[in-house]
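Please have the sequence and the model open while reading.

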Amino acid sequence: MMIKSTVTALALGVALASGSAFAYQQGDFIVRVGAAGVDPQEDSSELQVNGDPLTAVVPAAAPATAGVDSNVQLGLTFTYMVSDNVGFALLGATPFQHTVTANLGAVGVVKAAEVSHLPPTLSAQYYFLGKDSRFQPYAGIGVNYTTFFDEEVAAELDAVTSTLGLGEATGVDLDDSFGFAFEVGCDFAVTDRIIVNAAVWKIDIDTTATFSYAGGNKIEADVGIDPLVYMVAAGYKF
Ligand code: NI
């Protein structure tokens, strides 16, 4: 009886000393899986034909800029806690697919290309609250690398460029991008292992889109995609 109550008291003491089971601690590994949406806040230069503004050739095409639509994919984040308040996090996802449009004013808004991209982002995160909170808000700063692939020219753009005497594009390429990323998010502990999470990132993604034509002709635009990325997820703390 005496031994049993001593063990109970010791166990209680250890539990109190280690704080709430909800707390994040050095060495914790948190995995979150959910829906991630990329919402471009794009800002495009004027389309250039062989280095000259497209509107110099086709004034009616003003503003002659590029646009990028939104897309939702399966998102994954992994956080490793290097201290009780600081974690290193990786954002990953299945490839995002976007339609690139060309806003050609009076000529119309035409579908210019289909592209896929992956935007892996590595961040340092700070978790603000102490051990007793089920809510774990955090903020992070990091770097993003975005690689574009499976770029395909759309028939609608080919129809326009054919009327300009450029013919149909032989290909389109978007440069990879390196940039800063900022994030805020919050975990809520449903149990000591299972969490729900919401997070938003602002990512600096800048690229040059180059459409190539026979004879070395090119149409180019510098596009700051600079998306907001949203994610709602369920997670597990190991
Ligand atoms: Ni930018």
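What is the volume of the largest cavity? The largest cavity has a volume of about 120 Å³. This is a predicted model, in which local features need pLDDT of at least 70, side-chain atom pairs count only at pLDDT 80 or more, and totals for chains, interfaces and linings use all residues. Residues are numbered from 1 along each chain as its sequence is written, and side-chain values use heavy atoms, with hydrogens and water left out.

**Confidence**
- The protein chain has an average pLDDT (the predictor's confidence in each residue, from 0 to 100) of 90, and 90% of the residues score at least 70.
- Residues 10-19 have a pLDDT below 50, and beyond near neighbours in sequence this stretch makes three contacts (heavy atoms within 4.5 Å) in the model.
- Where pLDDT is low, the predicted coordinates should not be read in detail.

**Cavities**
- Four cavities of 30 Å³ or more turn up in a search of the whole structure.
- A cavity is a set of points, on a 1 Å grid over the protein atoms alone, where a 1.4 Å probe fits but cannot get out; lining residues have an atom within 4 Å of a point.
- Grid points are joined across faces, edges and corners, and a volume is the space filled by probe spheres set on the points.
- Lining the largest cavity are 17 residues, with L47, A102, L157, F211 and I219 nearest its centre.
- Two or more lining residues of the largest cavity come from each of β8 (96-103), α3 (155-163), β15 (206-212) and β16 (218-224).
- The second largest cavity has a volume of about 70 Å³, and β8 and β15 each give at least two residues to its lining.
- Among the residues lining the second largest cavity are H98, F148 and T207.

- Leaving aside neighbours within four places in sequence, F211 contacts residues including L157 and I219.

**G34**
- G34 lies in strand β1 (residues 29-39).
- G34 counts as buried because its relative accessible area is 13%, where buried means under 20% (1.4 Å probe, protein chains only).
- Q73 is 39 residues from G34 in sequence, and the two are 8.5 Å apart in space, C-alpha to C-alpha.
- Not counting residues up to four places away in sequence, G34 touches Q73, L74, G75, M231, V232 and A233.

How values were computed:
1 Å grid on protein atoms, 1.4 Å probe; cavity = no way out; pocket = protein on both sides within 12 Å on 5 of 7 lines; lining within 4 Å. Helix = DSSP H or I, 4+ residues; strand = E, 2+ residues; numbered from the N terminus. Buried < 20%, exposed > 50% of the residue type's maximum accessible area, 1.4 Å probe, protein only.
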